[in-house]
Amino acid sequence: MGNGFHVRKGAALASLVAALAAIVVIIALSVRLAQEKSRNAGTLPSTAEPTAFIPKEPWDHYRLPDTITPISYNVTFWPRLEPDDNDLYLFTGNCTAVFKCTRETDLILIHSIELNFTLLDGFHARLTGLNGPAPSLKKTWLEDRTEYLVVQLDGPLQVNSSYELFTEFVGELSLTQQGFYRSVYTEDGVEKVIAATQMQPTHARKAFPCFDEPALKAVFHVTLIHPQNTTALSNSITSGHVNITVDGQDLIRTSFGPTVIMSTYLLAFVVCDYGHIRTEPGRSVLIRVWASKTAIDKGKGNYALEKAPPILAFYEKYYNISYPLEKSDQIAIPGFGHGAMENWGLITYTEPALLQGLHESFYEEKEVVVAMVSHELAHMWFGNLVTLRWWNDLWLNEGFASYVSNLGSDHAEPTWELNDFIAPEEILHVMDEDASCFSHPLSVKEEEARTPHEIEFLFDSITYKKGAAVLRMLSHFVTEAVLTKGLQTYLKEFQYKNTVPKDLWKHLQMAVDEAGISLPRPVEEIMNRWVLQMGFPMITIDTRTGNVTQKHYLSSLECVMDTPSEFNYSWFVPITWMKNGKEEPKYWLLTKEDTNTDMALGSSDWLVANINLTSFFRVNYDAENWERIISKLNSRHQDIPLINRAQIIDDAFNLADLGMVNMTLALRITSYLDKEVEYMPWGRADFHLKNFIDILHSRGIYGPLQAYLRNKVTPLFQHFRELTLNWTKSPARHSDMYNQMTVIKLACKLEVNDCTQLTTTWFREWMNNSTNKIRPSLKKEVYCSAVAAGGVEEWDFIWSMYKKNVTSEAGDLFYALSCTRQPWLINRYLQHCLDQDKVSGCNIHHALILMSHNPVGQPLLWDFVRANWRSLIENDRCYFLKDILISTATDSLSTEFQYKQLLQLKEELKEHLCSGDETFEEALKTVEANMKWIERYKKEMHDWLISETSENRDMGNALHVRKRVALASLVTAVVVIVVIIALSVSLTQEKSRNAGMAEPTVSAPDHYRLPDTITPISYNVTLWPRLEPDDNDLYLFTGNCTVVFKCTRETDLILIHSIELNFTLLDGFHARLTGLNGPAPSLKKTWLEDRTEYLVVQLDGPLQVNSSYELFTEFAGELSLTQQGFYRSVYTEDGVEKVIAATQMQPTHARKAFPCFDEPALKAVFHVTLIHPQNTTALSNSLASGHVNFTLDGQDLIRTSFEPTKIMSTYLLAFVVCDFGHIKTETGSSVLIRVWASKKAIDKGKGNYALEKATPILAFYEKYYNISYPLKKSDQIAIPGFVFPAMENWGLITYRESTFLQDLHESFYEDKEMLVDMVSHELAHMWFGNLVTLRWWNDLWLNEGFASYVSNLGSDHAEPTWELNDFSASEKILVALDVDASCMSHPLSLKEEEVQTPRKIASLFDSITYKKGTAVLRMLSNFVTEAVLTKGLQTYLKEFQYKNTVPKDLWKHLQMAVDEAGISLPRPVEEIMNRWVLQMGFPLITIDTQTGTVHQKHYLSSSECVMDTPSEFNYSWFVPITWMKNGKEEPKYWLLTKEDTNTDMALGSSDWLVANINLTSFFRVNYDAENWERIINKLNSRHQDIPLINRAQIIDDAFNLAELGMVNMTLALRITSYLDKEVEYMPWRRADFYLKKFLDILLPRGIHGPLQAYFRKKVTPVFQYYKKLTRNWTERPTRPSDLYNQVTVINLACKVELKDCTQLATTWFREWMNNSPTNKIPPSLEKEVYCSAVAAGGTEEWDFIWSMYQKNVMSEQTSYSLMYALSCTRQPWLISRYLEYCLDPEQVPVNDIHHVITFLAHNPVSQPFLLYFLRTNWQDIVNKSFFSKESVIYIITSLMSTRLQLNQFLQFKEELKKQLSLGEEEFEVFNTVEANMKWIERYSKEVHDWLISETSEK
Ligand SMILES: [Zn+2]
Ligand SMILES: [Zn+2]
């Protein structure tokens, strides 16, 4: 049949053909493998027949008996081109077969299948005798299995008598392209049907009953009945037309002249409405080209018509026989699945194989036409005139046509040099297939090819390509002239007959003999070894000895060859060879081993065998010869013939795969490629390197590989740039054209500079002008490259082109669609595949196969397949979908993870698979093989690549540059993490509380809280930190402590906090006790109680009440890096690593520095002494009172003593030893304020801003609190790497260095704001917290909430123009609402007994404490007025200074102030506040503006949440409600009950109401639907009438209520519709917050498209607004809120692919890359700009960011942005590399790991990689990172939303449970995946519909 197999790999010629061919190959191969395997296993193929079946009857056999010979057929057909009532397209027909009986029989077997017969006198047929009477029929039936019509006769047929068998039948013109079928196409918008045939190999029987074997030749008389507007064609010329009318239809009966004698499979007929062109009359043969009228009118058939005559003429000469028929029609069949079919006289072609555009006639299109026409015309003699006897010798037919067609093509287009490179390439290609141990001999035994199925399998590439290769070898050793001669006499002798190969060998032998050519063996003997056994030899030449051996070459070591061969897999091998570039005489290897002394070389000689691939074998050499070949390639590669350069590459990679040479040898051969410009070697290199690239693409090793290959391909890319005059013209040589395709594909893939730019530019031109100037041969790669680099716009454009395009480009377009790296586009595309209207039948699996090669698409594809398995099988109309899919999808799978996935998939699909299906086993084997492959070569390759490329050496350097300790986290990051951790901890605890599993009750020393027996008075502490490591590499400190305390209740037990300290035993005890008012009782026993963190001192007698005692201890501890207690921090100054010692005591770490009564209420005076090196400074809470220099163990030290502190809590103590510089306020001011930092930072003035602002802030507070700052000094010190933003140690505040220090010249507003906020917060604590301290941690909220609330005032005072209070407070409130809505939240004040353990205390530092605390105080301030609040606060502080309090104390003072001011409140302050403080959560206020009804309800963010924590207030609040009507604020209204009515709130029909003005209260609000509508109207008409903060609140409330189903999600979305008019930060910030969730979760889904379009529409105006405001991004906005909004807007705009935005980002980034270190990107924008550029870019961008990250030593913000940007890549291998770096602290410091993980979790491309990484390295990550395991799980699951992800997570969970012995409950709270799935289920339809209605796009 057609030469579908003739298509070269990689050539994008008519890719539709290529694609189909590829699929056919795959199917044929996989089916054959299965069959071969079962044959080897001794069972018959399952496709054939059950093993139990033993043929008994003649009709049980597939082959016809030799009783009958057909003579002629008279067939009439009437195809119906319109469907009948049952929607079927039928044909009716009748057939008279005339035959002769050749052996007596009473049985007629005639092939027939899929036909319905008209019964004639009760039988399926009527028999007539031509030479006398016929026996009467006994019985007739259809035998479906063997495809016979069986006619049993009453008597025998007479030998040599002729008979006529008449039948009448109906069949269907199906779409199967078998027998008589129909094909559909569209012309001028009208759908048209044509009827056509495909008989080969066994489909003639589907058109009419016939003796359907090739040897049963006959003459055919064909008649066709067809509509009058159509043409009928058949093999012969028309002999007559008769117009007839049947059933009112006007028809034509067209008769054709009798055919010549021929086989059934060559019969053809077509009915169509076509036009045609023809050769001029007068020529001996009429040649016509038929196609749709439009195509003919457009001249698309002209080229074929021009070339067919010379090709036909060439063959007449070549075969030396005239073309036997009068005419030769070439007809284009739309959608024809075979390349072409050689029906004698009426050749059918798939459209792109015959037609080509006249004006855009690129010669790659022409090449297909020439090749196809040549192949099919070659068959007219070889195949049609002389036919092989049976299908088992098909190879000779197809191999010959393929071989000869190269000659025909060469004749038709001699300048193209086609023969030079096409044949060799195909040889190399088919060697790959023939090397499998499942290959087959060219000729199989006749009995192995009996069933239609078995016959179909023979149409594979062995048959076509190995056939041609072996004939090419034959031609070479007998000479082309002799081959032609033998062929001519052979054809002459056997014309119109059938033959076996032996007949051909005989004629060739005669020609050989005649020409006097000497062969070592007869032709037949030589050829039998190549034809009758599968495979081919590997020849090994040892050039040291001249020894030559052969061995059957098999491509797998594991392959067991159990198919015997009569020749024992030995061949007679003609070996051509050259020595030092000179060809030597041909050498025949006739045995397994031989010696050819000519091949023994000198030390500088080199040898290459198989010149120009004239023989069919692979060759290996001794190592020395390989080395000399490599040298030659690198010095003068031209000395080795072109074809052999390709062969050398091919052989080397193949041998390396088998371990016969090293893989590095193969790779080293490619090193000469930077000098190579020819197609063939590049083609082979591309073929082999593709494996490397595919398998390694998602691994870190891809980096050096890419760099290496980029070096090789860059010169070629430049070569072609010159050759094509900067890509403006096409290369002249044909092979260059192919090579250009290879180079563009490779160069873009390897990220060669300018390649992507080139392809994108071309593509853009096409998109903008819709005139496509891209050369056809480049289209495939250009489209792909542009789609990969682009976004939805590019994809949609290709999609629209694909939908429009029906012919030649469809394949290229289709291919490009699979190249996108956007998960949502991939998913949308996959969804299209389920929709027949979008992607039709056969193309579905084509799409899936292509997608399986996209590393980003692969995981999504799997997910898709699992979810849609059933419908995929149902939709599978064409081929064996699952075979193709599974086997190709596994080609690039190579990890254990993927292997497991596949296993799981197999389990899931078990029940859907056919029994005996081995698809999965095969696939699993492939993955295993890939895993092994990587295992084997990874190391070797990696080392070699590193040695070859400079890239990684640079990286090595970069590595050493980075000698910094990990940067700690940015405030925002820490806050996020703290929230997560706190949340998770409180969740778990809350849960266990709910489950009744309270912490065990304990007795005496088992309590965490100290008994009330002792009160500390003072401490005398001396500490000596060592800033150098000791012999064990530990940094220690030693110290002693004398604590003076008073006994307040009689006791014989002293409990004092201590943990992580080693005590010096004093007289055998941990401490020494002295009485100050008399003798102390003696010690009985002392020990350390680790759980409760006590030093326990048991006494022999009791302590006396009111007596004082001294407890002395001596101890050593470690200055660890944990940042708890006394710790160390490391930084680098001038290249020297420096250590400082510092403290962090809050909340319970003082006990880690020295033994102490470590509770906030146990205040005392501290006398601190520090011993430290002489070049360092020591600091503590107080001023230093004295310095003493002394020497100890040869060290010069200072003893610095400090003044006693004020009375204060242990957690506020601080000391620091450092080598810092400082600046201070001028002498004379009442308080000394100093700023401390590294000398360098101080010198650079980085502390100046902090010093400048601290003074006024402190002054502000003195006034605000109405109490002078109680201490003499206030130090602010910058601690490098401090994980907390700051700590309010009294007099010595510690700050995180990176936020605290400001660059004088480069400081940006955002950084300053953070600093002012921090300083304000910490200084606020000096009074609230430090001077007056809460009694216990359970009231921490009041401390922190107050500091946060007041710091807004302080900041506002320090920088009044920034308007900080407004939006920073509202932001905090909205966050607090979010967190507090969880049913796992907690009250602001917990019960004291609920806060006992250090862990619980630490967990309270969460956002409820900080942010809800602020919100509630802000509300309080609002209803009592700020003046009253301040007043009450002042008297409160005055009363309780140096003491401890509970909140009640504050309420009392506030109530006094309220009463004094005469403010009327509906309830006392305490009663109101208790409801907000003592119960968790807050109310949802619902206002019905119809009636004025107001009611409250505990607001919970999840409807599934069961609230089982009781509240004494029953979750009811006293709620102050501020509100406005039509924009005018109304009097405040108090809601004091669950429900109430405020008639003022009942509105008229045009009024609108908004409650909670400026978020002054802490609740959410809902309205009746009408009021919501009026709010939406107002927003859209004049949004300014609603206060700014309320616009944000409205968005926030609406989305939250929508999530709960209280309003529709579309209501929330409709509220955002006004955003195109909004330019303010707060509403945008809230919208961004919620939309991000949509964009994130929906990112991989098709709905992302309209969503993106919608937001693009909304964000565009505000983007333009900022563009204008900043004068085209050259200036910065002046308002802080604009600064923030600019970030939000750019972030969102780039995310939704606003072109201006991505362009802006890329431009900025490029400027930075080109001019680094000058970076003009503002810090607030750097995060998104970098991300956007990395996402759109490739390795270059990533590497640049990586190097910046490695170098970055100061700014944490920048470090954070860089880490984020690195996670934005869409390149799987970069993701893998990034993850690998996480395991190496030299690359990614331990403290940064959690950032990397968090960021990667947000990138849908990296999610699967991340999950795999975590599974594999879980222990490592959790052990190292700052993250709790809960938070890791939370982060990775929060964005998962698919079934696959859920499965993966569940699997992961099982593994972890085992590994870490975790309980189910530890995962439960994080079951967000299911929640996400539900979320999507709930909203996607609603949201989708709404979006579609909103956006014009789609
Ligand atoms: Zn063919
Ligand atoms: Zn604080």
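**Note on the annotated binding site**

1. Leaving aside neighbours within four places in sequence, Glu1344 is in contact with Gln1146, Glu1288, His1321, His1325, Phe1405, Thr1409 and Tyr1410 (contact means heavy atoms within 4.5 Å). Bear in mind that this is a predicted model, where local features need pLDDT of at least 70, side-chain atom pairs count only at pLDDT 80 or more, and totals for chains, interfaces and linings use all residues. Residues are numbered from 1 along each chain as its sequence is written, chains are lettered from A and ligands numbered from 1 in the order written, and side-chain values use heavy atoms, without hydrogens and water.

2. Glu1344 sits in helix 35 (residues 1340-1358); helices here are DSSP runs of H or I, at least four residues, numbered from the N terminus. Its relative accessible area is 1%, so Glu1344 is buried (under 20% relative accessible area, 1.4 Å probe, protein chains only).

3. Why does the record matter here? The UniProt annotation "binding site", from an unreviewed entry, covers His1321, His1325 and Glu1344. They are spread over 24 residues of sequence but cluster in space, with a largest C-alpha distance of 8.7 Å. Such annotations may be inferred rather than shown by experiment.

4. His1325 belongs to helix 34 (residues 1309-1325) and counts as buried because its relative accessibility is 0%. Beyond four places in sequence, His1325 touches Glu1288, Asn1330, Leu1331, Asn1343, Glu1344 and Ala1347.

5. On side chains, His1321 makes a polar contact with Glu1344 at 3.0 Å and one with His1325 at 3.1 Å. A polar contact is a pair of N or O atoms within 3.5 Å, and within protein one must be able to donate a hydrogen and the other to accept it.

Conventions:
Helices (H or I, at least four residues) and strands (E, at least two) are DSSP runs, numbered from the N terminus. Buried means under 20% relative accessible area, exposed over 50%, partly exposed in between (1.4 Å probe, protein chains only).
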